[in-house]
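Morning, everyone. Please have a look at the chain on the screen, and then I will walk you through it.

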Amino acid sequence: MAGETTTSSLSVDQVAFDRLAYFALRSELLFDQAADVQPVQQAMPGTGVTFTIFSDIAAATSTLSETVDVTPVALADSQVTVTLYEYGNAVVTTAKLRGTAFLDVDSAAANIIGYNAGDSMDQVCRDVLAAGTNVAYSNGKSSRVGLAVADVLAANDVRKQVAALRGANVATFNGSYIGFIHPDVSYDFRSATDASAWRTPANYVDPSGIYNGEIGLFESVRFIETPRAKVFTNVFNGAGAAGTGDSYATLIMGRQALAKAFSTQDGNGAVPKVVRGNVNDTLMRLQPLGWYWLGGYGRFREASLRRIESASSIGSNNA
């Protein structure tokens with residue numbers, strides 16, 4: 001009809017993309033902060049670092065004779081060696097990906113590599129701690145496989161380990177020990193313990209001295225809650241079937257439980273270094289990016305480290 005305007009659908013509308021890159025949910029890296037023993041006067045580069053511990057001599061409680069000389073006592077020492085190992089990982093971006101991506105692929109790769117370095121080393125550190133020889137099982141059980149769903153962490157489990165640490169003359173961190181506890185275990189433990197027995201971090205330390213992940217003080221233990229706590233999966237009867245229950249490791253420690261050693265040569269140090277690899281392909285399309293660390297962790301004083309294994313009422317394999 002004359003005078004009418006004809007309209008048509010134009011293909012100019014589309015979904016927009018946000019150019020900000022997001023990443024997977026990440027837990028905090030916490031275990032490395034427990035490594036309070038590190039080389040101070042390392043003599044030379046080597047495949048490991050040996051630390052020397054001098055033993056005290058027995059107390060002299062007998063009186064001296066006026067005319068008889070004292071008999072000298074021999075000094076004794078022991079040594080702990082932390083071996084250095086190579087660790088590393090890498091990704092490769094392609095020219096086509098970098099040239100067609102709607103966001104900065106190189107920045108995203110650097111972020112992922114950086115977190116992977118910390119994530120990897122934190123798990124190495126955790127596994128060294130979780131292999132300590134001083135272990136107890138909740139509710140008086142004698143083994144990991146002997147645990148049951150009801151054997152959750154109790155206040156007396158913690159008190160016993162604090163007593164053991166004090167009995168072994170283990171030094172504290174400014175008056176308190178440190179405990180690493182899984183959120184599933186923390187749920188049961190905090191539900192069963194009297195709230196008045198807990199103190200929040202702000203009430204007992206200067207905010208600048210609070211550990212990452214710290215949730216409070218109970219029976220002289222500053223607890224750090226982390227999903228990175230060691231879990232031994234499928235080890236006892238749980239979820240109604242044999243071999244489906246998980247055992248959670250709660251670590252309680254004092255000073256000098258953990259030692260950390262590392263190379264200081266060739267750009268190495270206390271933390272992994274980011275490495276941009278050589279581009280060796282003919283058209284220089286493939287660009288490697290990775291991380292590398294030459295170092296290691298070791299238990300320095302077994303007496304300073306205690307592990308309590310327990311079940312959890314909300315664990316996925318313990319219900």
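First, the ground rules. This is a predicted model, where local features need pLDDT of at least 70, side-chain atom pairs count only at pLDDT 80 or more, and totals for chains, interfaces and linings use all residues. Residues are numbered from 1 along each chain as its sequence is written, and side-chain values use heavy atoms, with hydrogens and water left out.

Now the cores. A nonpolar core is a set of buried Ala, Val, Leu, Ile, Met, Phe, Trp, Tyr and Cys residues joined through side-chain atoms within 4.5 Å. Buried means under 20% relative accessible area, exposed means over 50%, and partly exposed is in between (1.4 Å probe, protein chains only).

The largest nonpolar core has 25 residues. Leu-129, Phe-180, Met-253, Leu-258 and Tyr-297 have the most contacts inside it. Which elements each supply at least two residues of this core? They are helix 2 (105–130), strand 5 (177–181), strand 10 (241–253), strand 11 (258–262) and strand 13 (287–299). Helix 2 gives the most, with 7 residues. Helices (H or I, at least four residues) and strands (E, at least two) are DSSP runs, numbered from the N terminus.

Take Leu-129. Contact means heavy atoms within 4.5 Å. Leaving aside neighbours within four places in sequence, Leu-129 is in contact with Phe-31, Leu-251, Met-253, Leu-258, Arg-299 and Leu-305. There is also a second, separate core of 18 residues. It includes Tyr-177, Ile-181, Val-185 and Phe-218.

Next, Ser-186. It sits in helix 4 (residues 183–192). Is Ser-186 buried or exposed? It counts as buried, because its relative accessibility is 2%. Its side chain makes a polar contact with the side chain of Glu-225, at 2.7 Å. A polar contact is a pair of N or O atoms within 3.5 Å; within protein, one must be able to donate a hydrogen and the other to accept it, and residues adjacent in sequence count only if both atoms are side-chain atoms.

Ile-53 is in strand 1 (residues 48–54). Ile-53 is buried too, with a relative accessible area of 12%. Asp-77 is 24 residues apart from Ile-53 along the chain, yet their C-alpha atoms are separated by 5.5 Å.

On to the spaces. On a 1 Å grid over the protein atoms alone, a cavity is a set of points where a 1.4 Å probe fits but cannot get out; lining residues have an atom within 4 Å of a point. Grid points are joined across faces, edges and corners, and a volume is the space filled by probe spheres set on the points. How many cavities of 30 Å³ or more does the structure hold? It holds 1. The largest cavity has about 40 Å³ of space. Its lining is Val-91, Thr-93, Asp-106, Ala-109, Arg-276, Gln-287 and Leu-289.

Last, the backbone. Most residues other than glycine have a negative phi. Asn-174 has a positive phi of about 55° although it is not a glycine. Asn-174 lies in the loop between helix 3 (155–167) and strand 5, and is exposed at 73% relative accessible area. Met-284 also has a positive phi of about 55°. Its place is the loop between strand 12 (273–276) and strand 13. Met-284 is exposed, with a relative accessible area of 56%.

Technical notes
1 Å grid on protein atoms, 1.4 Å probe; cavity = no way out; pocket = protein on both sides within 12 Å on 5 of 7 lines; lining within 4 Å.
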